[in-house]
Amino acid sequence: MGQHFLTDLNIARKIAEALSGGSAEAPADTLEVGCGMGVLTQFLLRRDDLVTWGAEIDTESVEYLHAHYPAFTPRLIEGDFLKLDLRERFPGGLRIIGNFPYNISSQIFFKVLENRDLVPECVGMIQREVAVRIAEPPGSKEYGILSVLLQAWYDIEYLFTVNETVFNPPPKVKSAVIRLRRNGVERLDCDEALFIKVVKASFGQRRKMLRNSLKAVFGNFGGEEHPFFTRRAETLSVAEFVELTRWVAERLEKRG
């Protein structure tokens with residue numbers, strides 16, 4: 001399933017401790033994505049400021065968890081996290097944590113984005129290069145679509161690097177743990193759906209200037225050009241993408 005199982009208990013404890021919770025009187029709903037054999041789960045279950053839920057797609061892992069953590073069974077969801085309706089299951093919000101399978105880590109973060117009003121925090125262990133990409137500031141060659149979109153609504157912290165030797169089977173690359181916490185932005189100062197489209201279009205041909213990248217998706221803007229058109233996507237901050245989105249919206253409205 002693309003999963004590398006963590007075997008180092010100290011690292012599992014550190015990941016579990018990186019997530020903030022509620023209180024013993026009002027514990028926070030928390031969903032672990034990909035519980036595996038419960039290495040991280042066991043530390044989450046010890047916290048009285050969390051109500052820990054799990055999503056696990058692998059039937060063997062589910063059977064193992066049922067056998068070893070019977071009290072957890074009512075809160076273990078057997079199925080694909082990417083297909084879960086989080087609004088229906090957790091209308092009051094939830095935190096998300098996990099040793100995320102490498103092959104779907106980006107999809108997990110896009111799902112967090114879609115539910116950003118529900119998810120105040122996310123802690124995940126992922127491939128190191130993906131973690132670096134998400135946390136990078138503008139101007140870096142790693143800075144990309146996921147960087148901009150996540151940084152628009154979350155503060156990103158790169159917490160620590162994890163070596164290959166603490167997994168079974170060992171991956172061929174290093175891993176890293178990052179933490180996302182919702183920033184103070186309730187709504188962007190632009191059309192948010194168009195913002196996402198502009199960001200994706202801008203990085204669609206990332207080696208080209210924005211003039212060419214945007215034209216490929218939105219067509220000609222009637223000869224008008226924004227000052228950002230001579231720059232590449234990786235040089236723009238979130239605030240600049242918001243400004244560019246407002247400009248594109250005005251031009252599209254003029255064009256009808």
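T30 counts as buried because its relative accessibility is 0%; buried means under 20% relative accessible area, exposed over 50%, partly exposed in between, with a 1.4 Å probe and protein chains only. This is a predicted model, where local features need pLDDT of at least 70, side-chain atom pairs count only at pLDDT 80 or more, and totals for chains, interfaces and linings use all residues. Residues are numbered from 1 along each chain as its sequence is written, and side-chain values use heavy atoms, with hydrogens and water left out.

Where does T30 sit? It is in strand β2, residues 28-33. Strands (E, at least two residues) and helices (H or I, at least four) are DSSP runs, numbered from the N terminus. Leaving out residues up to four places away in sequence, T30 touches L19, L50, V51, T52, W53, R95 and I97; contact means heavy atoms within 4.5 Å. In β5, R95 is the bridge partner of T30. β2 and β5 (residues 95-99) run parallel, joined by three bridges; two strands pair if DSSP finds at least two bridges between them.

Now the sheet. It is open, has seven strands with mixed pairing, and its order is β4-β3-β2-β5-β6-β9-β7. β4 (76-78) and β7 (154-162) are at the edges with a single partner strand each, so one side of each has no neighbour in the sheet.

Last, helix α9, residues 210-218. Its buried residues are L210, S213, L214 and F218. They lie on the same side of α9, because they cover an arc of only 105° around the axis, taken from the directions from the helix axis to the C-beta atoms. These buried residues pack against α8 (192-202) and α10 (238-255).
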